[in-house]
Amino acid sequence: MEVLNDVIGRSGGVRWSALVGSDTTDHLRRALTSGCCILHVSAHGTSSGELLLEAHSPPGTVFRFSGHEFARLIQEQGVRRPRLLVLMNCYSESVARCLQDTVDHIVCVDERFPILDSAVVTFTRELYRCIFHGKTVLSAFRQAREAVRSSTNDEKMKEAADRFK
């Protein structure tokens, strides 16, 4: 969330919402009904293609949210759908595949691998910096991957750069 707060000042009035790990399914519904242009989801993901969000009741209960359920919620928004969905959780590519007909642009993580937190931070910071400075999503995505790749000599980070899709 700190990374997102760092770049929000440069958003140029773009409506966006962020969901972070402990957010509930109710927060997801609220974010979608707000009419945001960008929806950023940072949660845990499973290798079976689910997002893990906290259930409304009882507190602390984890709710497994499938890509198909997520797609249904987005489709219910009609013309108020987000234009860009950023899924920064491990294995999120399979969720993204379910959403490809509901959102113009989706950024996710390869469904075959977990992702390093440090790679997510670097990627996210650069992605939004570029977007909020007027770059296209594709250009911002490419630049964010390169930022991860060149951020260190650590081979794990270089491999992580290719896990963003």
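## Aromatic pairs, a pocket and selected residues

Phe132 counts as buried, because its relative accessibility of 13% falls under the 20% limit. The model in which this residue is described is a predicted one.

Phe132 has a ring partner. Together with Tyr128 it forms a stacked aromatic pair, with 5.7 Å from centre to centre and 20 degrees between the planes. Tyr128 is buried as well, at a relative accessible area of 1%.

**The chain as a whole**

The chain holds seven helices and seven strands. Read from the N terminus, the order of these elements is α-β-α-β-β-β-β-α-β-α-β-α-α-α. Of its 165 residues, 47% count as buried.

**Aromatic rings**

The count of aromatic pairs comes to four. One of them joins Phe65 and Phe70 in an edge-to-face arrangement, where the ring centres are 5.9 Å apart and the planes stand at 70 degrees. Phe65 has a relative accessible area of 2% and is therefore buried. Phe70 is buried too, with a value of 0%. Elsewhere, Phe123, Phe141 and Phe164 are linked into a cluster by ring pairs.

A charged side chain is also placed against a ring: Arg163 lies over the face of Phe113, 4.3 Å from the ring centre.

| Residue | Relative accessible area |
|---|---|
| Phe65 | 2% |
| Phe70 | 0% |
| Asp110 | 2% |
| Tyr128 | 1% |
| Cys130 | 1% |
| Phe132 | 13% |

Asp110 is situated in the loop between E7 and helix H5, the latter spanning 117-131. Although it is a loop residue, Asp110 counts as buried because its relative accessibility is 2%, under the 20% cut-off. What does the side chain of Asp110 make a polar contact with? The partner is the side chain of Arg112, at 2.7 Å.

Cys130 belongs to helix H5. With a relative accessible area of 1%, Cys130 is buried.

Helix H4 supplies the largest share, three residues.

By residue type, the lining of this pocket divides into four nonpolar, two polar and four charged residues.

**Tyr91**

Tyr91 is found in the loop between strand E6 (84-87) and H4. The phi angle of Tyr91 is near 65 degrees, which is a positive value in a residue other than glycine. Helix H4, at one end of this loop, is also the element with the largest share of the lining of the second largest pocket.

Note on methods:
Residues are numbered from 1 along each chain as its sequence is written. This is a predicted model: local features need pLDDT of at least 70, side-chain atom pairs count only at pLDDT 80 or more; totals for chains, interfaces and linings use all residues. Side-chain values use heavy atoms; hydrogens and water are left out. Helices (H or I, at least four residues) and strands (E, at least two) are DSSP runs, numbered from the N terminus. Ala, Val, Leu, Ile, Met, Phe, Trp, Tyr, Cys and Pro count as nonpolar, Asp, Glu, Lys and Arg as charged, and the others, Gly among them, as polar. Rings of Phe, Tyr and Trp (its six-membered ring) pair if their centres lie within 6.5 Å; planes under 30 degrees apart count as stacked, over 60 as edge-to-face and the rest as tilted. Buried means under 20% relative accessible area, exposed over 50%, partly exposed in between (1.4 Å probe, protein chains only). A charge sits over a ring if NZ of Lys or CZ of Arg is within 6 Å of the ring centre and within 35 degrees of the ring normal. A polar contact is a pair of N or O atoms within 3.5 Å; within protein, one must be able to donate a hydrogen and the other to accept it, and residues adjacent in sequence count only if both atoms are side-chain atoms.
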